[in-house]
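The sequence and structure come first.

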Amino acid sequence: MNRRNTLLLKILLFLFILNSISLFLYFLTHSSNSSRSNTNLHNQIPLLRSQQQQQSHHHSLKPWPILPSYLPWTDAEDSKANAITRSCEGYFGNGFTRRVQVLHGPGWFRCWYSETLRSSVCEGGRVRMVPDRIRMAKGGEALVDVMGRGEDEELPAFQNGAFEVDGGDGVGALEGKTLVDREFLDRYLPAGGIQRHTMRDLISKIRVVREKDFACDEWFEEPTLLVTRFEYANLFHTITDWYSAYVSSRVTGLPNRPHVVFVDGHCETQLEETWKALFSSVRYAKNFTGTVCFRHAILSPLGYETAMFKGLTEEVNCDGASAQELWQNPDNHKTARISEFGEMIRAAFGLPLNAYHSTKPVSGHNVLFVRREDYLAHPRHRGKVESRLSNEAEVFESLKSWVSNYNGCKINLVNGLFAHMSMKEQVRAIQDASVIIGAHGAGLTHIVSALPRTVILEIISSQFRRPHFAYIARWKGLEYHAINLAGSHADPGTVINELANIMKSLGC
């Protein structure tokens, strides 16, 4: 036993020594390799910095949310499924069904034309933007830093070659020439009544270049919307821009929410909060320091070309309906697209989509009074809003007093001071309201995000008899009431009586 124990001890000692030698040699070698690796990395730093200038932009795209009012968008490739001209789907959904292929090759370009809206959603691959060939302000500045700046400085003026597309090595006679001619523009991108059609102008200046001349400082590998805006500080016009960008994303079948590049030089506004919520990222064209190439660029039509704007001057004979109803019984005179879009806005802010108005809510009915306040909107604004209801404060205080003494049910009067609320807070207030009251003004455009059984009461002065919000309410299927004033002064008693009747209709 002693001899066996001695032998076992010697074996263990030998293994210990062997293991120690192995560890020593490992760390010695690792230290040497690490030193060489650090030296190589140090030598490569200038090369890495150089490569960063031409790196691709890979971002995590936001997924599309599941929307209760979503209906499948017609596959634009399927010519047999064209939306009927001037149908509700033609106006609000995918009426962009006429495919016009402009260029094939390494780079490509095509447009989807809508007979109903008389405009196109265009898209291209291997498209290069050269910001130095776009004359406009940088954009994205703080409002206080650019007070007094003219609108002409903010709208883009494109030189030839401001955008280019890779035509490959066999480009031939097209090299250096513009992508489309005047006949194409007049047929598929007509200016109509728009005096300065920036998207038409952008496309008219796109040049075709050889593949060997297609050099890029930066790449966007993921789909990117190119958007130009006009009345960017006005909620109504900005919602038409949001809608156009949303529709463009759906028409081109994007699997996720795209990036957005503003091809304008407007300063930053509060409304960018929603742009950033709706899409994966937001940049300004002139904020790039060199050429930028897009693997897939989508050119969104101007907000003026949406049905929400065109409906002000031509009849858009559509009524709002639920997606479930239209799925079971398709109707060319009904639409759920505005409700789908409103849900998209709510989902972008993380607000619940399964919310609904109870006939007898425990916490009471919220009555939202949308107020008009003085605030600085853009560099040419004096900070004073035009009065649409001269005794607005009196009307609000009268409603406040009436609500406090109302015995029918509990009513919460909400003071909608939107100018001092974030966009998410504004949308939440709209969502939570059973009744929305307000003088005619852009803030009422938020009703696109209202729940199905919300009631709208608009107070309209004699100088602002415009159908904006009556139409949106109709296209969403909301109950709408209006008080038309002889001037700009409202009788508080008349407003109270109208609200009382509405509350009774809600079982209150």
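## Terms and basis

In sorting lining residues by class, Ala, Val, Leu, Ile, Met, Phe, Trp, Tyr, Cys and Pro count as nonpolar, Asp, Glu, Lys and Arg as charged, and the others, Gly among them, as polar. A cavity is a set of points on a 1 Å grid over the protein atoms alone where a 1.4 Å probe fits but cannot get out, and lining residues have an atom within 4 Å of a point. Grid points are joined across faces, edges and corners, and a volume is the space filled by probe spheres set on the points.

The model is predicted, with local features needing pLDDT of at least 70, side-chain atom pairs counting only at pLDDT 80 or more, and totals for chains, interfaces and linings using all residues. Residues are numbered from 1 along each chain as its sequence is written, and side-chain values use heavy atoms, without hydrogens and water.

## Cavities

There are three cavities of 30 Å³ or more. By class, the lining of the largest cavity has eight nonpolar, four polar and one charged residues.

The second largest cavity has a volume of about 70 Å³. Its lining includes Arg229, Glu231 and Asp241, and by class has three nonpolar, four polar and three charged residues.

## Sheet

Helices (H or I, at least four residues) and strands (E, at least two) are DSSP runs, numbered from the N terminus; two strands pair if DSSP finds at least two bridges between them. Five strands form an open sheet with parallel pairing, in the order β19-β18-β20-β21-β22. Its edge strands, β19 (411-416) and β22 (479-484), each pair on one side only.

Notes
On a 1 Å grid over the protein atoms alone, a cavity is a set of points where a 1.4 Å probe fits but cannot get out, and a pocket is an open set with protein on both sides within 12 Å along at least five of seven lines; lining residues have an atom within 4 Å of a point.
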